[in-house]
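Please keep the sequence and the structure in view while reading.

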Amino acid sequence: YERTDLCDALQARYADLAPGVEVRLTTDDQPDDGETVETGFDALEQPVRVAGRVVAKRSFGKKLAFLTLRDQQGTVQLFCESRRFPKADGDTPAGQLAFSDVKTLVDVGDIVGAAGGIKRTDKGELSVTVRELQMLTKAIKPLPDKFHGLTDVEKRYRQRHLDMISNPDVVSTFVARSKVTSAIRSFLEGRGFLEMETPVLHGSAGGADARPFLTYHNALARDLTLRIATELHLKRLVVGGIERVFELGRVFRNEGTSTRHNPEFTSVECYQAFADYGDMMELTESMVLSCASALGAGDTLEYQGTSISLAAPFRRVSMNDLVIEATGIDFLGGGENGGAMK
């Protein structure tokens, strides 16, 4: 389907269109009273063409129906009026729906394409005045109830596609993750790091302390594990002469699972020759700030009511000092509390 417009772009372009006013197509007949409505917008040479999922449907009598269309960028209303469709079902071009189909065949969850002019209804809803409507993908199963939504936590995590449809805000999390991943790559490549792909199947698990997933290689007739870290092969690349390497890769740890802990997850590891932990601290500070910048967050974040500053330098403190702060016990210094180690 040749889509020409996204929903949010239409909303922005016609933000000043007054209620009750229509931007007509140049091919449209003039209103019955012979007057031309002044809209402040030029008549459309070509119809706008949008496509997306139907998330709401409302019918009013035999001649009018409204569909709410949602794409990845936003929503727009489809204004379906019988007089704008072909006069008879037999006159409908192949692949297009008649007005009667809007009421009988189109359901919430279907993916449709629509073409027409633009109108803002008397109630202020920006709408596409539909001249052509095509069914692009038919929803065979109904979506979760709109009022209650998809609330089962386990189902939301196991059927992410339903979660994204029922809870549009979830999509923003996926978009943010994609931007962060891209920012990490750009940041490290800008500092001369090379991205590598290292083996997922290992002869023995290494690079971390975790229980691995076990598998079997038929051709080699040997047991293998899925990697629990990317560390060891990246370090071998440094030994081989590549001075700056990193990998954004999936690792697998056969341990507990919850909505906040997945046995299969993505890690980023980077290694740099002729650098120490101080250099890696500076690298981490800059990379975190770069990711926040990619999300438009600046150097300060609000999280659960707490303001978090990402501005460098981060606090630098040893693990032993943190333990002393929390418990008052110096595990490394001996002395009065040194016996606690025993």
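## Overall build

In this predicted model, buried residues account for 32% of the 342 residues in the protein chain. The protein chain exposes about 21,200 Å² in total, and carbon and sulfur atoms supply 52% of that area.

The secondary structure of the protein chain consists of eight helices and 14 strands. Its radius of gyration is 29 Å, well over the 20 Å that the globule rule gives for 342 residues, so the protein chain is more spread out than a compact globule. Taken along the principal axes, the box filled by the C-alpha atoms comes to roughly 95 × 50 × 45 Å. If we take the contacts in the protein chain with a separation of 6 or more, 56% of them are between residues 24 or more positions apart.

## The nonpolar cores

The largest nonpolar core has 29 residues, and those with the most contacts inside it are Leu78, Cys80, Ile118 and Leu133. At least two residues of this core come from each of several elements, including the helices α1 (7-13) and α2 (99-104) and the strands β2 (48-60) and β5 (111-120). Strand β6 gives the largest share of this core, namely four residues.

Which residues does Cys80 contact, leaving aside its neighbours within four places in sequence? They are Lys63, Leu64, Ala65, Leu67, Phe85, Phe99, Val102 and Val130. Apart from this core lies another one, of eleven residues, among them Ile184, Phe193, Leu283 and Met287.

## A buried loop residue

Thr198 is placed in the loop between β7 (194-195) and β8 (201-202). Is Thr198 buried or exposed? Its relative accessible area is 10%, and because buried means under 20%, Thr198 counts as buried.

Not counting residues up to four places away in sequence, Thr198 touches Arg227, Thr230, His233, Leu234, Leu237 and Glu247. Met319, by contrast, is 121 residues from Thr198 in sequence, and the two are 31 Å apart in space, C-alpha to C-alpha.

Terms used. Residues are numbered from 1 along each chain as its sequence is written. This is a predicted model: local features need pLDDT of at least 70, side-chain atom pairs count only at pLDDT 80 or more; totals for chains, interfaces and linings use all residues. Side-chain values use heavy atoms; hydrogens and water are left out. The radius of gyration is taken over C-alpha atoms; the globule rule is 2.2 Å times the number of residues to the power 0.38. Buried means under 20% relative accessible area, exposed over 50%, partly exposed in between (1.4 Å probe, protein chains only). Contact means heavy atoms within 4.5 Å. Accessible areas come from the Shrake-Rupley method with a 1.4 Å probe; for residues, only the protein chains shown count as cover. A nonpolar core is a set of buried Ala, Val, Leu, Ile, Met, Phe, Trp, Tyr and Cys residues joined through side-chain atoms within 4.5 Å.
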